[in-house]
Amino acid sequence: MKQILNHARLILADGVIERGALEIDNGVISAIHQQPLPAGQGEDLAGADLLPGLTEIHTDNLEKHLMPRNGVLWPILPAVITHDAQCVAAGITTVLDALAVGDLEGESVRLDTLHSSFAAIDQGMRGDALRAEHLFHLRCELAFPQLLQELEPLIGHPAVKLVSVMDHTPGQRQYRDLEQYKKYYGKKKVGWTEDTFLAAVDERRAKQAEYAARHKQAVVEMARARGIALASHDDTDAGHIAEALRDGVAISEFPTTLEAAQAARAHGVQTVMGAPNVVRGGSHSGNVAALELARRGLLDILSSDYVPASLLHAAYLLEREAGWSLDHAIATVTVNPARAVGLHDRGRIAVGQRADLVEARLHGDVPLVRQVWKAGRRVF
């Protein structure tokens, strides 16, 4: 099936065609035109931006659909379908659902729904119930005692494209500041006192001492054996980056300091920052601002994290707030994340690439997604 998308501003990986056209043949980009084709040929996009479909490599947006209210667990497959619809409406055509393998909280929706969510996403993909392509990012909580037994049945699935090693033990990385940790988790815990807080900190530090090092070694070996990309999480200093390099990590997710981001750049490790951090103008937990890293040339990839609509918005903000060219900014949500997890058939408007595409128009400073195609098929 042949298609033409005409009279659009084409956002390429290395530049912008202000007025051009695109031909698609059987779901693949077959020709790019530097000028619009004659009127009446194909679909006229009337000058709208046409960019690659977005690739999201770390979203836990599904969790809010699994538990839309505290204590209310929603049926799994309907939750996945709603999450998928929200992603596609945000222009995301490839989703790495970030499923947490382990949780220091003891009881949580993450632990209760890990395997059922994995199965429902897999079922949705095989049954053509989902409009985006869903893959998996397994987030491994190193101090969780049952980590390996939970991970082993999942990591061999061919849709697992990324594994990250995380350590949310209080007193280091994201939670170096214990007062910040207390403030964040105090919102979740009814009736926490100073004594119960300190007891929880001691318990979590003891688990870290017992499990984290040997779990990380096992997780890294499992990922390497399967050729799965590895990411570190919440790197705080140059030592954390050095540690990540020894493990074969190529992606640093959400470094918390300028020092960590600079070390990552110096050693060729790609840096992922949160798109909500860009949209809000800073980190919700007091860490380094994504825009500061962007202005210093230390940002490679954006992730929507917990707000799918933030991904495209943040990319456009990089142009306005960080002085980036639009093609450079759009690459942080398209080709850069795709290549980081080994996906080479998408992420660019180029001949031979899969026709995952987004039509967007600016409403003031906010990009509005008008249409989305996955492999040439309109899904939104």
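**Helix packing**

A: Helices α3 and α4 are roughly parallel to each other, a label for angles under 35 degrees, as against roughly antiparallel over 145, roughly perpendicular from 65 to 115, and oblique for the rest. This is a predicted model, in which local features need pLDDT of at least 70 and side-chain atom pairs count only at pLDDT 80 or more, while totals for chains, interfaces and linings use all residues. Residues are numbered from 1 along each chain as its sequence is written, and side-chain values use heavy atoms, with hydrogens and water left out.

Helices here are DSSP runs of H or I with at least four residues, and strands are runs of E with at least two, numbered from the N terminus. The angle between α3 and α4 (residues 147-155) is about 0 degrees, and their axes lie 11 Å apart; axes are lines fitted to C-alpha atoms, for helices over the stretch in contact, and angles run from 0 to 180 degrees between N-to-C directions. L114, H115 and F118 of α3 meet E150, P153 and L154 of α4, where contact means heavy atoms within 4.5 Å. By class, four of these residues are nonpolar, one is polar and one is charged. Nonpolar covers Ala, Val, Leu, Ile, Met, Phe, Trp, Tyr, Cys and Pro, charged covers Asp, Glu, Lys and Arg, and the others, Gly among them, are polar.

Helix α3 (109-126) is also among the elements that cover the buried residues of α2, together with others including β7 (92-101), β8 (133-141) and β15 (366-374). The buried residues of α2 are I76, A79, V80, H83, D84, C87 and V88, buried being under 20% relative accessible area, exposed over 50% and partly exposed in between (1.4 Å probe, protein chains only). They fall within an arc of 165 degrees seen down the axis of α2, so they line one face of the helix; the arc is that of the directions from the helix axis to the C-beta atoms. An α-helix has 3.6 residues a turn, so residues three or four places apart point the same way. After α2 comes G91, with a positive phi near 90 degrees.

Helix α7 (residues 238-246) has H240, I241 and A244 as its buried residues. Their arc around the axis is only 100 degrees, which puts them on the same side of α7. Their cover includes β10 (229-233), β11 (251-253) and α8 (258-266).
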